[in-house]
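Me: I have a protein model open on my screen and would like a close look at one part of it. Could you take me through the surroundings of a single side chain, starting with the fold as a whole?

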Amino acid sequence: MNSENFTNRRKVITAALAGGASSLLPSWALGAESTNLPIAYGERELMAFPEKKPMIVLTSRPPQLETPFKYYDNHVITPNDEFFVRYHMAGIPTSIDPTTYRLKVGGNVEKPLEISLESLKKNFPSQRIVAVNQCSGNSRGLFEPRVNGGQLGNGAMGNAAWVGVALKDILKAANPGRGAKQVTFDGLDQPVLPSDSDFVKGLDIDHAMDGNVMVAYQMNGTDIPFLNGYPIKLIVPGYYGTYWVKHLSEIKVVDDVYNGYWMNPAYRIPDNDCNCVAPGTAPSKTIPINQFTIRSFITNFTDNSVVTVGKPTQARGIAFDAGYGIKKVLFSQDNGQNWTEARLGQDLGRFSFREWRVEFTPKQKGTLDLRVRAFNHAGQVQPMTATWMPAGYMRNIVETVKVTAV
Ligand SMILES: Nc1nc2c(c(=O)[nH]1)N[C@H]1C(S)=C(S)[C@@H](COP(=O)(O)O)O[C@H]1N2
Ligand SMILES: [Mo]
């Protein structure tokens with residue numbers, strides 16, 4: 001089960017991950033526990049993959065793992081072994097040698113680079129940012145009407161402290177030429193079928209140079225877990241996980257808007273104010289998905305929780321947005337009729353989860369609809385009714401947890 005192979009310096013994951021037919025249960029699988037997602041047919045088995053605690057398995061080849069929601073109640077920083085995993089293609093690397101690993105920087109640059117990990121750590125200034133990584137399709141399984149795609153609950157998100165090098169500093173060393181418009185990012189994973197497109201993403205050059213976008217080599221004080229992109233991944237604070245390219249191996253400066261499959265037609269959202277369309281319809285115009293919508297969650301209750309009438313009780317959880325900063329979080333125990341302001345926890349930075357807590361006293365027996373609603377410094381607020389789009393991205397309705405008061 002251990003992913004480190006100490007006989008050489010390579011970092012490896014078992015070949016079963018890349019080559020195994022899905023019917024073959026890998027030897028490291030521990031299919032003992034299960035969990036229920038808040039969606040129809042939501043019973044899911046939990047399974048441990050290399051460097052991971054038992055997680056919800058969406059697919060095993062490639063590994064796509066969702067964090068069981070109860071884990072978020074334990075810590076505001078998501079531990080590496082609880083962090084969700086998302087890949088698109090089964091051709092993921094299984095063995096990486098940190099001594100020969102190179103990050104290539106090319107395209108329209110004056111000085112193409114091949115940077116070793118050692119050089120990245122030694123020759124560039126390092127920075128640390130606490131930031132949420134969230135999949136565009138987090139909570140997709142809650143869409144009504146249902147949509148195609150991974151039927152995720154709310155566990156395709158995590159918050160980590162990333163250490164690495166500002167992309168700006170890497171690009172400056174390569175010196176982009178005139179006419180540079182975007183920067184593209186490719187990782188070591190490859191499509192299995194020739195008809196599939198390699199996973200490559202693009203960002204505008206100004207965004208790439210903003211000082212927040214970074215190439216991380218550490219996650220929560222240690223190497224990035226293999227399945228989260230060892231040895232380096234792109235961090236795009238406030239932007240959906242699709243841009244956070246794992247096993248980052250090649251950066252290219254380009255003079256046009258990059259229009260590869262994973263930018264167009266994939267990962268597009270309706271080009272209008274709500275980024276939404278009437279349920280069942282398709283958008284006429286789309287743009288690439290970009291910043292997170294604002295969200296908040298209650299982490300210490302589920303629909304199975306029982307509370308006591310007349311007894312002071314604490315509700316707590318997390319909120320986050322695209323980096324404007326959480327201004328306030330309101331809590332309701334009565335179906336959204338009355339709201340009280342929660343206390344915010346420590347500010348770990350504007351891209352981080354922000355903890356909140358509130359005390360409430362259940363007033364009457366029966367079902368209580370607990371709700372939480374976040375507001376940010378840009379005037380954004382979670383909607384009371386869900387928006388819809390065919391891809392099932394960007395859900396951020398005020399969620400409801402139905403507890404029983406006795
Ligand atoms: N190389 C590579 N990077 C990738 C992907 C991928 O398929 N290949 N998927 C992206 C998507 S859609 C998400 S949500 C995040 C998930 O990051 P994680 O697996 O570290 O949680 O990785 C992104 N980076
Ligand atoms: Mo994603």
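Reply: Happy to. Of the 406 residues in this protein, 54% count as buried; please keep in mind that the model is a predicted one. Its secondary structure comes to four helices and 27 strands. The radius of gyration is 22 Å, close to the 22 Å that the globule rule gives for 406 residues, so the protein is as compact as a globular protein of that length. Along the principal axes, the C-alpha trace spans about 70 × 50 × 40 Å. Among contacts with a separation of 6 or more, 69% are between residues 24 or more positions apart.

You will find Asn154 in the loop between strand 9 (127–134) and strand 10 (157–166). Is Asn154 buried or exposed? Its relative accessibility is 11%, and the cut-off for buried is under 20%, so Asn154 counts as buried. The side chain of Asn154 makes a polar contact with the side chain of Ser139, at 2.7 Å. Ser139 is also on the list of residues that Asn154 touches, once those up to four places away in sequence are set aside. That list includes Glu66, Phe69 and Tyr72, then Asn138 and Leu142, and finally Arg295, Phe297 and Glu399.

Three of those names lead on to an annotated region. UniProt, in an unreviewed entry, places the feature "domain: Moybdenum cofactor oxidoreductase dimerisation" at residues 289–404, and Arg295, Phe297 and Glu399 are among the residues touched by Asn154. The span 289–404 is 0% helix and 41% strand, and its end C-alpha atoms lie 38 Å apart.

The cysteines deserve a look too. The structure holds one disulfide, which joins Cys274 to Cys276 with an S to S distance of 2.0 Å. The torsion about that S-S bond is about -95°, so the disulfide is left-handed. Cys274 is partly exposed, with a relative accessible area of 37%, whereas Cys276 is buried at 15%. Another cysteine, Cys135, counts as buried at 8% relative accessibility.

Last, a hairpin to turn to in your viewer. Strand 7 (residues 102–107) and strand 8 (residues 113–116) pair in the antiparallel sense over four bridges. Five residues lie between the two strands of this hairpin, and Leu103 stands opposite Ile115 in strand 8.

How values were computed: Residues numbered from 1 in each chain as written. Chains lettered and ligands numbered in written order. Predicted model: local features only at pLDDT ≥ 70, side-chain atom pairs only at ≥ 80, totals over all residues. Heavy atoms only, no water. UniProt positions renumbered as here; feature names shortened; annotations may be inferred. Pairing = 2+ DSSP bridges. Buried < 20%, exposed > 50% of the residue type's maximum accessible area, 1.4 Å probe, protein only. Polar contact = N/O pair within 3.5 Å; in protein donor to acceptor, adjacent residues only side chain to side chain. Contact = heavy atoms within 4.5 Å. Disulfide = S-S within 2.5 Å. Rg over C-alpha atoms; globule rule 2.2 N^0.38 Å.
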